[in-house]
Amino acid sequence: MKIHQRYYPFILIAVCLFLFFPHLDVLYANIMEARNFNTAREMLHYDNWVFTTMNGEARYEKPPLPTWLSAFSAAIFGITKLWALRLPSAIITTLMVLFSYVFSNKCLKLIPKQAFYASLILATSFYVLFAGRNGTWDIFAHSFMLAGIYFLFQFFAEIRGVYRNAILAGLFIGMSFMSKGPVSHFALLLPFLIAYTWVYKIRSYKNRILPLSLLLLIALALSSWWALTIYFGDVDTASSIADKEAAAWANHNTRSFFYYWSFFTQSGIWTIPAFISLLYPYLKTRVSDLKTYRFTLIWTLAAVILLSVIPEKKSRYLLPVLIPLALNTSYYIEYLVRKFSELRDKRETYPVYFNFGVVAFVAILAGPIVLYFFADTFTGSMWVWFTFLKISVVFIAVLIFRSLKSKNIENAFYAVIIFSCALITFGFPLVKATYTNEDYAMLAPKIESLKADGKPVFLFENGSPELIWDLGQRLPVIKTSGSLVLPEVSTFYLIIEKGQEQLVKGELKAFNLTLDQCFDGNITSKKDRNYKTRRIGCIYSVTVK
């Protein structure tokens, strides 16, 4: 399959349109998104753009830039539309993929085709796909940081445009901090600097002191202004939240140092090529540019080691590692495209046939498996999407098998990209087949009807972000920071998170609590692992004894 290099950026945009933009409203808001979306809603309703809140309570744990972007999108398209709140994530991920291409091509001097491979691998890596379709902070921090690294590399390597590169690097590095604090600085920028120093060496920059100072000043100003504003404007709350966040890094979700060392599996469909690309003794004589290969390898491993040092570990924290890992994997793919038909050692061919063969078999089996488990829950429109999916994946499987037979790895590679696009575009609507909770009920309309009764409505505490999002609006809370602030009325409605009823009754001994109705915000069945009792809100009528 011959593609002229001038079309590469346009193809990357098209691939991202298929991967990140369709069906953004299929999944309901998870706990991380709910925090962000609640804050965005209160920005629009109460102008809390700087002193951010969630249901009226300070929410300073994360900087507000991604939330601003979600709020701007919601202001245009509607605060109740999940796709609108997630749209900025899809856009910023597309920009990250494009920056990956220009970084590979312009900074690392990779041939355009290999830079194209690297960007396609990044776009279709599992956690990039996940983050690019969710309204969470991580993808913003790492996308802005990759843009900052692109200009920082040019600042180090080029003589011309020093001030331009310094200003742009400072801006993007600062915006990364405004997205999720120093996370990407530690997990992406610092490993980059280690790899750059190791491979390219830091030369004397005496004639660049002024632009370097400007870079640092811009990055520092952007990174610190919001935190300083919060600290001096609400010092007690800011200090309390900072202490809680620091304790979480040291004590929550603590794992072994080696917890992340299966990191290459997070690339999903590229697990086997990603693993082989890490085998330096094998690839060092096969890659087209050993120096840049060493750079991407050191960048990847340095990121994993630094993340492993932090006690708190979660799989999603590996997202920044996938950026240099995609670059690193592209060296192996480029080698296969260039040399696979000439390989004489069959041992080299086995992982290739296995990797692409598994994708082809999954494509063939996808239809029967989906039918076996979910056919009974398909609606009319789902059958249409399933038909498109089945036709496309069979075509892709045939293309992969024919490519392997003719030893055309490039076509097999492109077939995997098309497979990923087909799964999202045609397969994602079928997720609705798992939404089988017959007790599902929306809470927001009930809140409006309760208010029409004339009695005030309260939330017991700001516990579940998903439940707060399902309320559809801000409600006053009677328990904050462990203290009760009881309403000055004799009767009111109280919303309590499922499972906390006895605790609440114990704290409100002076009141009679009568259950009105419970609203289950879970779309999935009670047997599903994603079913959360914290999404169930029970409404009680409360009167003084």
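A: One term before we start: buried means under 20% relative accessible area. By that cut-off C16 is buried, because its relative accessibility is 1%. Keep in mind that this is a predicted model.

Q: OK, and how far is the sulfur of C16 from the closest cysteine sulfur?

A: The gap is 8.6 Å, and the partner in question is C421.

Q: What about C107, buried or exposed?

A: C107 is buried, with a relative accessible area of 7%. Its sulfur has the one in C16 as the closest cysteine sulfur, but at 19 Å that is too far for a bond.

Q: Switching topic: how many disulfides does the structure hold?

A: One. The disulfide joins C518 to C538, with an S to S distance of 2.1 Å.

Q: Which parts does that pair tie together?

A: C518 lies in strand 7, residues 511-520, and C538 lies in strand 8, residues 536-544, so the link ties together parts that are 20 residues apart in sequence.

Q: And which hand does the link of C518 and C538 have?

A: Right-handed, with 105 degrees about the S-S bond.

Q: Last one: is C538 buried or exposed?

A: C538 is buried, at a relative accessible area of 0%.

Terms used
Residues are numbered from 1 along each chain as its sequence is written. This is a predicted model: local features need pLDDT of at least 70, side-chain atom pairs count only at pLDDT 80 or more; totals for chains, interfaces and linings use all residues. Side-chain values use heavy atoms; hydrogens and water are left out. A disulfide is a pair of cysteine sulfur atoms within 2.5 Å. Helices (H or I, at least four residues) and strands (E, at least two) are DSSP runs, numbered from the N terminus. Buried means under 20% relative accessible area, exposed over 50%, partly exposed in between (1.4 Å probe, protein chains only).
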